[in-house]
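Hi,

Here is the structure I said I would pass on. Have a look at it first, and then read my notes below.

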Amino acid sequence: MTTEAPTSDTALSASPPAAELSSLPRRSGLLATAGLLATTAVWGSTFLVVKDAIASVPVPDFLGLRFAVACAAMLAVRPRALAGLGRAGWRHGVLLGLVLAAGYVAQTFGLQTASASVSGFITGLFVVFTPLIGAVVLRRRVPAAVWVAVVLATVGLGLISLHGLSMGRGEMLTVVGAFFFAVHIVGLGEWSHRHEAYALAVVQIGTVAAVSLLLALVGHGSHPGITLPPDAAGWASIAVTALLGTAAGFFLQTWSQARMPATRAAVVLTMEPVFAGVVGVLAGETLAVRGWIGAAMVLAAMYAVELGPRWGRGKKAEGQSEGAVQVPGPSPELSAALEP
C-alpha cells in the first residue's frame with residue numbers, strides 16, 4: 001500500500017487523476033454506475049447460493065474451484081490479457097488478491113453458521129471500515145461524520161449479531177471478512193487506474209484461486225485432493241459464482257472504480273447488503289425486529305460515511321458563494337478528485 005493521500009475525504013477508493021476524470025464522457029460514467037450496481041445485485045444474491053454450496057463442499061475447496069473456473073474463463077476469452085501488465089501490475093494484482101483471499105475465506109467460513117441476510121449486512125461494514133483504514137494507512141483525517149457512522153454501525157452490528165452478551169463465530173468471521181474487503185477497496189482505488197482493468201482482475205482472481213486450492217490441499221492432510229460438488233446443483237453454484245459473481249463481477253468493479261468518483265462508487269456498493277437481505281428474506285430466512293433495526297442502522301452508517309462529508313463540502317461552498325459573482329466551476333465529482 002502506498003502512502004499517497006486518497007482523493008476523497010472518506011478514502012473509500014481513490015478517484016482517477018483529475019485530468020483523466022475530466023476527460024471521461026458522461027456515458028462512460030453512467031455505464032460504470034450501471035455495471036457496479038449490477039455487480040452488487042449479483043454479489044448480494046449469491047450469499048444464499050454460497051451458503052447452500054458449502055453445506056456439501058469444504059470452504060477452501062469451494063473457493064478454489066470458484067476462482068479457478070473464473071480465472072480460466074477470463075483467460076479463455078482473452079488469452080493474451082496478461083501480456084502487457086508489467087511487473088508493477090503483477091505485484092499490485094497479487095497483493096490485492098492475497099487480501100481478497102483473506103476476506104473471502106473469513107466470510108465464507110462465517111456463512112457456515114450465519115444466515116445469508118445477516119452475513120450480507122455485516123459484510124457491508126466494509127464501507128465504514130474503509131475510511132478508518134485509509135486514515136491509518138494513507139494518513140488522512142477522519143471526518144466527524146465517519147465517527148458518527150462508526151457508532152451507528154457498532155450498535156447496529158450488535159443488534160444484528162449479538163446473542164445475549166456474545167457474538168456467534170459466524171458473525172465474528174464475517175466482520176473479519178469485511179475488514180479485509182475494506183483493505184482491498186482502498187488498494188484497488190489506489191491502483192486500478194494505473195493498470196488495464198481486465199488484466200488486473202485476472203491476477204487478483206488467480207491469486208485467490210491459488211491460495212484457496214493450497215488451503216484445501218493442506219487441510220485434507222493425509223487425503224490430498226479437492227472435494228468436488230456431489231451433484232448438478234453444486235456445480236451450478238460453482239458456475240454462477242465463478243462466471244457472474246467473480247469473473248464478470250471483479251472485472252466490472254475494477255473497470256468501474258477507474259471511471260467514477262469515490263463517493264458514487266461507495267453509495268452504489270452499499271446496495272450489496274440490501275440485495276442480500278431481500279434475497280434472504282424471499283428465500284424464507286427471518287430477521288427479528290431488532291435485526292431489522294440493526295440493519296437500518298448499518299445502512300445509515302454506510303450512507304453517513306459517504307454522503308456526510310460530501311454534504312458538508314456542498315454547504316461550505318454554498319456559504320462561500322453568497323454575495324459573490326457566480327463563476328462556472330467543476331462538478332462536485334471533479335472537485336472531489338482535485339482535493340489534496
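Predicted model: local features only at pLDDT ≥ 70, side-chain atom pairs only at ≥ 80, totals over all residues.

Let me start with the inside. The count comes to 1 cavity of 30 Å³ or more, and the space in this largest cavity is about 260 Å³. It has 19 lining residues, and those closest to its centre are Trp43, Tyr104, Gln107, Phe181 and Glu272. If you want to find it by secondary structure, look at α2 (26-53), α4 (86-110), α8 (169-191) and α10, the elements that each give two or more residues to the lining. What is the lining made of, in terms of nonpolar, polar and charged residues? It splits into 11 nonpolar, 6 polar and 2 charged.

Val69, Val240, Leu243 and Leu244 make a nonpolar patch of about 300 Å². Helix α10, which runs over residues 232-257, gives the most to this patch, with 3 residues. Leucine 243 is one of the residues in helix α10. Its relative accessibility is 40%, so leucine 243 counts as partly exposed.

On charges, there is 1 salt bridge by the rule used. Which two residues form the salt bridge? The partners are glutamate 196 and arginine 78, with their closest N and O atoms 3.4 Å apart. This pair links distant parts of the chain, 118 residues apart: glutamate 196 is in the loop between α8 and α9 (197-219), while arginine 78 is in the loop between α3 (59-77) and α4. Are the two partners buried or partly exposed? Glutamate 196 has 36% relative accessibility and is therefore partly exposed. Arginine 78, with a relative accessible area of 34%, is partly exposed too.

- Glycine 44 sits in helix α2, and at 1% relative accessibility it counts as buried.
- Glycine 158 belongs to helix α7 (residues 144-161). With a relative accessible area of 14%, glycine 158 is buried, because the cut-off for that is under 20%. The C-alpha atoms of glycine 158 and glycine 294 are separated by 7.3 Å, although the two are 136 residues apart along the chain.
- Tryptophan 292 lies in helix α13 (residues 289-321). At 41% relative accessibility, tryptophan 292 is partly exposed. From tryptophan 292 to valine 118 the C-alpha distance is 9.8 Å, and they are 174 residues apart in sequence.

That is everything I have for now.

Best wishes

Conventions: Residues numbered from 1 in each chain as written. Heavy atoms only, no water. Patch = residues over 30% accessible without salt bridge, like charges linked within 9 Å, V, L, I, M, F, W, Y side chains within 5 Å. Areas by Shrake-Rupley, 256 points an atom, 1.4 Å probe, with all protein chains shown as cover. Salt bridge = Lys/Arg side-chain N within 4 Å of Asp/Glu carboxyl O. Helix = DSSP H or I, 4+ residues; strand = E, 2+ residues; numbered from the N terminus. Buried < 20%, exposed > 50% of the residue type's maximum accessible area, 1.4 Å probe, protein only. 1 Å grid on protein atoms, 1.4 Å probe; cavity = no way out; pocket = protein on both sides within 12 Å on 5 of 7 lines; lining within 4 Å. Points joined across faces, edges and corners; volume = space filled by probe spheres on them. Nonpolar A, V, L, I, M, F, W, Y, C, P; charged D, E, K, R; others polar.
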